[in-house]
Amino acid sequence: MKILVAVKRVIDYNVQIRVKADGSGVETENVKMSMNPPDENAVEEALRVKESGKANEVVIVSIGEEKSKETIRTALAMGADRGIFVKSNSNIEPICVAKALKKIVDTEKPDLVFMGKQAIDDDCNQTGQMLSALLGWSQGTFASKIELNENEISITREIDEGLEMLKLKLPSIITCDLRLNEPRYASLPNIMKAKKKPIQDLNIEDLEVDTAPRINFLKVEEPPKREKGIMVNSIEELVSKLKNEAKVI
Amino acid sequence: MQVYKAPIKDYQFLIKDFLNSGSLDSVFENSDLNIDDLSMILEEAAKLCEETLLPINQIGDMEGCSFNQGNVKTPKGFKEAYKKFVENGWQGLTVSKKYGGQQLPYFVNMFLDEMISSSNMSFGLYPGLTSNAIDAIEKSASEEIKNLYLPKLSTGEWSGTMNLTEPQCGTDLGLSKTIAHPQKDGSYKISGTKIFITCGEHDMSENIIHLVLAKTPNAPEGIKGISLFIVPKIIPNSDGSLGKKNSLECGSIEKKMGINASPTCVMHYNEARGWLVGDLHKGMKAMFVMMNGARLMVGVQGLGIAEIAYQSSLHYANERLQGRALNGSKHLDKVADPIIVHPEIRKNLLKVKTLTEGLRGLMVWTGLQVDIANLEKDKFKKQRAEDWVALMTPILKSFSTDVGCEAANIGVQIYGGHGYIKDHGMEQLLRDSRIAPIYEGTNGIQALDLVGRKMPMHTGRLLKSFFHEVKDYLEKNSFNYNLKEYIPHLTKSFGRLQQVTTFLASKGLSNPDEAAGASVDYLKMFSLVAIGYIWTRYAEISYNKLNDDPENFYKAKIASGNYYMTKILPETGSLMASILSGAKYYNDYENKYFDLAFKI
Ligand SMILES: Cc1cc2nc3c(=O)[nH]c(=O)nc-3n(C[C@H](O)[C@H](O)[C@H](O)COP(=O)(O)OP(=O)(O)OC[C@H]3O[C@@H](n4cnc5c(N)ncnc54)[C@H](O)[C@@H]3O)c2cc1C
């Protein structure tokens with residue numbers, strides 16, 4: 001069995017995001033970048049499946065600017081086998097990413113694709129679902145537990161109502177929740193080994209995917225500053241304020 | 001609150017800008033490593049330190065190690081952290097590939113050790129002592145011993161210790177009473193009691209390998225009769241599997257001021273089986289080949305403590321609101337200004353920051369020289385690197401550990417009463433830092449090493465490795481307009497150092513007591529000048545980067561350097577005055593005067 005894991009390079013979750021002065025986006029120059037956190041869970045889960053003997057290859061794919069290769073290296077240093085890097089500009093939309101991934105799936109023919117449930121930069125939460133539709137494969141999103149059997153995968157999903165259990169036929173797309181596992185650190189020997197693992201270089205044009213944006217970006221601005229709160233003296237006052245001033249009840 | 005994030009940007013500056021100017025390529029030539037790999041390695045190590053070691057630092061201090069019938073239990077979370085540390089391969093960073101390590105350059109380990117010491121100095125002693133043992137075995141032991149022990153030590157499955165100290169034998173190792181009786185099969189039976197043995201017993205590794213200094217029955221008197229032995233807690237079979245328990249045990253552990261998560265053990269050897277490491281009666285030689293490394297690493301502990309003390313102080317200085325800035329309030333929206341507005345707080349922060357960053361450069365530069373000395377084929381270059389390391393080792397061990405204590409002390413002061421109580425962890429840093437000037441050769445002994453051994457060695461050749469370099473640098477840059485606020489200060493202090501060196505060199509011959517008495521001041525003076533030289537080089541690099549400096553990193557470097565050159569480096573003046581005033585008033589002081597005030 002082969003598992004393909006898609007990873008994205010995003011601004012590190014510790015970084016305080018700054019909006020560019022001209023409103024054209026957020027500041028990414030000289031900002032610490034890392035692997036999208038739920039993608040780390042996806043890599044970790046794929047490695048665990050491999051370590052349990054149920055898979056024999058874990059392939060990492062990333063689409064983005066040249067530096068995304070570093071993110072692939074990180075996954076290789078965690079223990080994945082090889083990488084595929086697709087060069088494109090950084091802000092391509094989920095549908096384009098999904099189409100590019102489909103092309104990769106067509107040639108790689110994995111049995112499973114693991115992805116993060118969403119990327120913490122744009123929070124789109126779309127790529128996995130779109131890829132599943134394009135491929136006609138089953139999809140299990142927001143997985144917080146996975147059990148893999150012969151031709152079937154059981155997952156537990158984190159949904160608003162609680163937990164949902166599903167059984168899916170392979171091949172399948174699984175998007176991973178942060179609760180799925182605790183991603184490992186890359187070990188020193190694996191970091192050194194990762195240097196020798198192959199990364200295939202592709203261009204998004206090679207995949208014949210139309211990357212023209214469908215969405216028109218107008219402007220990025222910071223949310224308005226929260227105004228100072230007030231102290232109320234009684235429950236009655238609170239209720240009355242909520243009713244008459246805030247008009248929420 | 002103990003606040004710490006690995007100073008990765010400073011590390012990158014040191015690697016890409018600073019070390020890169022000094023034959024980094026030649027060090028990378030023989031390893032499959034490049035500069036970008038280093039970033040990834042350091043970032044992974046940083047994660048482990050920040051997320052695993054830092055959270056158990058205060059727990060380790062409060063809980064401490066406990067002793068029960070020869071067994072030592074480490075505090076909560078330490079076993080798991082150790083497992084993670086060794087499973088991720090960090091123990092083997094510099095160990096040869098032959099024994100399962102990664103054989104990375106020595107200077108890389110300094111960054112790792114600094115991060116560990118910042119996040120959890122006590123924890124760092126477990127792998128730290130193992131590294132010392134590996135180093136001693138790798139450099140002096142027979143092939144057989146190396147093959148049996150090194151693979152398990154480099155994975156951290158087994159850990160190591162160094163057994164030098166005995167109740168009557170501290171600084172003066174010639175006083176050792178531990179005895180080693182030769183056996184027919186070539187092994188020895190070791191008997192005696194060692195004290196203060198760091199990590200002599202614990203529950204983290206399946207075997208503990210003790211390196212023990214002892215004397216054979218007819219050995220020469222004093223230091224010349226010392227030999228080094230390897231004495232495992234459990235005797236390994238020839239295939240590396242665990243065999244019989246050796247006859248040695250931990251008698252107790254000390255209650256102490258700091259590093260409470262590291263057990264300091266009394267070790268009893270009762271005819272324990274041991275094997276000779278290196279040649280008979282050449283134990284001190286075997287110790288010395290690993291000593292430079294061990295001393296530099298203790299220096300790195302000082303640096304690590306200084307860094308976390310700085311970051312924690314800075315955090316508090318920005319949060320704590322007290323009083324108003326004298327030149328007008330900075331934060332009228334708040335009930336008071338944050339204390340970082342007050343001059344004394346700013347100066348203390350800058351003192352720690354500039355000493356730490358300057359020392360870090362001197363430290364890793366010296367680390368790089370260790371690598372060059374190991375790898376360089378050119379005899380002259382190799383010797384220069386060796387000379388530099390030998391000269392700088394006592395300086396770095398001692399000045400860094402003093403700075404560590406001072407930084408922790410300043411940290412407590414910046415927190416005020418909140419530094420003195422335990423909650424914020426600042427007093428822990430102060431207590432932890434205090435051991436570093438004591439062990440691995442007290443700082444006083446380091447100063448004697450500098451003045452008594454390193455200074456006259458090869459008729460001053462070691463000193464030349466530093467003096468000529470700085471002299472050439474000053475000549476080359478005397479008209480460097482960028483450095484106009486640096487060169488005059490460095491020139492002045494360097495001149496003082498030269499003058500005092502000549503004074504002491506002549507005194508050393510006529511009146512050794514006087515040279516010895518001046519040694520601690522001299523070492524401090526030397527350190528300040530060496531760090532001044534480093535800051536000048538930082539400034540030189542930074543001026544050339546100002547046109548591509550989006551985060552003002554280089555601008556800040558220059559500003560920090562200005563502080564160092566004008567506020568800290570001038571201390572060389574008072575040190576010189578004190579040294580030149582000579583030994584008269586302490587040497588001639590009557591011993592009976594000391595207790596006149598209270599003697600009945
Ligand atoms: C927490 C802890 C961990 C330790 N870990 C280890 C370990 O793992 N292995 C090990 O073997 N030891 C260890 N030690 C011992 C440590 O290395 C010694 O304490 C140190 O070498 C000093 O020896 P001493 O305590 O006997 O002091 P002394 O040698 O008695 O020195 C007392 C004072 O006299 C000064 N002095 C001594 N001789 C001279 C001289 N010739 N000239 C000028 N001044 C002098 C010293 O600088 C010091 O200030 C540890 C100690 C502690 C507290």
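Two strands pair if DSSP finds at least two bridges between them. Strands (E, at least two residues) and helices (H or I, at least four) are DSSP runs, numbered from the N terminus. On these terms, nine strands of chain A form an open sheet with mixed pairing, in the order E9-E8-E7-E10-E6-E1-E4-E5-E11.

This is a predicted model, in which local features need pLDDT of at least 70 and side-chain atom pairs count only at pLDDT 80 or more, while totals for chains, interfaces and linings use all residues. Residues are numbered from 1 along each chain as its sequence is written, chains are lettered from A, and ligands are numbered from 1, in the order in which they are written.

Stay with the sheet. Strand E9 (162-169) and strand E11 (199-203) of chain A stand at the edges; each has a single partner strand, so one side of each lacks a neighbour in the sheet. From one strand to the next the twist averages 30°. Axes here are lines fitted to C-alpha atoms, for helices over the stretch in contact, and angles run from 0 to 180 degrees between N-to-C directions. E7 (138-149) and E8 (152-159) of chain A pair in the antiparallel sense over six bridges. A:Leu148 stands opposite A:Ile153 in E8(A).

Contact means that the C-beta atoms of two residues, placed from the backbone, lie within 7 Å. H2(A) touches E1 (2-6), E4 (57-64), E5 (82-87) and E11 of chain A, and its direction makes about 160° with that of E4(A). H3 (94-108) of chain A lies across E1, E4, E5 and E6 (112-116) of chain A, at about 150° to E4(A).

Chain A as a whole has six helices and 11 strands. Its C-alpha trace spans about 65 × 45 × 40 Å along the principal axes. Among contacts between residues at least 6 apart in sequence, 71% join residues at least 24 apart.

Now turn to chain B. 12 residues of chain A are in contact with 15 residues of chain B. On the chain A side, H2 (68-78) and H5 (188-194) each give two or more residues. H5(A) gives the most, with four.

The ligand comes last. 19 residues surround the ligand, the closest being B:Leu164, B:Gly170, B:Thr171, B:Thr198 and B:Thr442. A residue counts as near a molecule if its C-beta atom, placed from the backbone, lies within 6 Å of it. Strand E3 (158-163), strand E5 (188-198) and helix H13 (443-454) of chain B each give two or more residues to this shell.
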